Amino acid sequence: MLAYFGPQGTFTEQAARSLAGAEDLVPFDTVPAALAATRSGAADAACVPVENSVEGAVPATMDALAEDGPLVAVAEAVLPVRFSVLVRPGGTEPKTVASHPHALAQVRRWLAEHLPSADVVATTSTAAAARSVLAGEFDAAVSAPVAVRHYPLEVLATDVADVRDAKTRFLLLRRPGPLPAPTGQDRTSVVVTAVDRVGALSELLAELALRRINLTRIESRPTKGRLGEYRFYVDLDGHVAEPRVADALAALRRHSPDTRFLGSYPKAEAGGAQTGNEGFVAAAEWVASVREGRGA
């Protein structure tokens, strides 16, 4: 069973279907609830959103991954963000439009052009907006296209987005176990709690730069403990099975014992050079030869 951040009819459901195929999908009301089901063994895996190219990181996912028992990402999906505007069959010109705040932010210009007199109302999710339209609470919902699989509504408009190349990234997470094999186009994710002192963050980043590892994302979140104490969520090119990546992670752990490994997994979209392991392999072989008395 695969848990996902629901309800039914959201982009997360679309991502879960792309990652899990015909596997049994069960929606959960919150990201922490979906992850808790996986930690407890009630679910085999969880699919949750992690970042959006327009609205940024998803704080609920970031916090939940850093707290409680560890989970490891084994795959990712990147979906283009294109919305459908759904109405009740035979409805009149919409006077109210509902959706999640992130969705409304991504169709603001479209609404101003096509439904300028409609009042905009925020809901807990795009699917919740669709359900509210079905119940007669609002006239139109900005929803994921998959919502029409679950709610008998009509499509007023589709392929709606102010930013045409907007995308959302989702992670498939499981309990710790064997990792996906390296593919040559992989991503590694970690969360590091930086020590509160001058230069702490620059030291962490220097460990990656020294090994010529490409940093693809860094986000900060408060630890919710001491004021001024932050966790840094880092995505980098490469796989922990690669010597230079493993060496970098070991260095991060030396700087911060609170470093948590969040997974090494294939990228959904290829890109970024992942070379440079030859030098680390050669150096390790040289050290081994010195230790064994075979060379100097």
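## Ground rules

Since the model is predicted, local features need pLDDT of at least 70 and side-chain atom pairs count only at pLDDT 80 or more, while totals for chains, interfaces and linings use all residues. Residues are numbered from 1 along each chain as its sequence is written, and side-chain values use heavy atoms, with hydrogens and water left out.

## Salt bridges

The structure holds 17 salt bridges, each being a side-chain nitrogen of Lys or Arg within 4 Å of a carboxyl oxygen of Asp or Glu. One of them joins the side chains of Asp 63 and Arg 221, at 2.7 Å from N to O. Asp 63 sits in helix α3 and Arg 221 in strand β13, so this pair ties together parts that are 158 residues apart in sequence. Helices here are DSSP runs of H or I with at least four residues, strands are runs of E with at least two, and both are numbered from the N terminus. Asp 63 is buried, with a relative accessible area of 7%. (Buried means under 20% relative accessible area, exposed over 50%, and partly exposed in between, with a 1.4 Å probe and protein chains only.)

Asp 235 and Arg 169 also meet through their side chains, in a salt bridge of 2.4 Å, N to O. Asp 235 belongs to strand β14 (residues 230-237) and Arg 169 to strand β11 (residues 167-174), so the pair ties together parts that are 66 residues apart in sequence. Both Asp 235 and Arg 169 are buried. They also take part in a network of salt bridges that links Glu 51, Glu 76, Arg 169, Arg 187, Arg 217 and Asp 235.

Most residues other than glycine have a negative phi, and most peptide bonds are trans. Asp 159, in strand β10 (residues 154-160), has a positive phi near 60 degrees. Asp 159 is partly exposed, at 40% relative accessible area, and its side chain meets that of Arg 82 in a salt bridge (3.2 Å, N to O). That pair links distant parts of the chain, since Arg 82 is in the loop between β5 and β6 (83-87), 77 residues apart from Asp 159. Arg 82 is partly exposed as well, with a relative accessible area of 21%.

Asp 68 has a positive phi too, again near 60 degrees. Look for Asp 68 in the loop between α3 (59-66) and β5 (72-80), where Asp 68 is exposed at 61% relative accessible area. Then there's the peptide bond from Gly 6 to Pro 7, which is cis with omega near 10 degrees. Pro 7 is in the loop between β1 (2-5) and α1 (11-20).

The axes of α7 and helix α8 (residues 243-255) come within 9 Å and cross at roughly 165 degrees. Those axes are lines fitted to C-alpha atoms, for helices over the stretch in contact, with angles from 0 to 180 degrees between N-to-C directions. That makes α7 roughly antiparallel to α8, a label for angles over 145 degrees.

Leu 201, Leu 205, Leu 215 and Ile 218 make a nonpolar surface patch of about 250 Å². Elements giving two or more residues to this patch are α7 (200-210) and β13 (215-222). Patch residues have over 30% relative accessible area and no salt bridge; nonpolar side chains (Val, Leu, Ile, Met, Phe, Trp, Tyr) are joined within 5 Å, like charges within 9 Å. The areas come from the Shrake-Rupley method with a 1.4 Å probe, and for residues only the protein chains shown count as cover. Ile 218, in strand β13, is partly exposed, with a relative accessible area of 34%.

Terms used: Angles under 35 degrees count as roughly parallel, over 145 as roughly antiparallel, 65 to 115 as roughly perpendicular and the rest as oblique.
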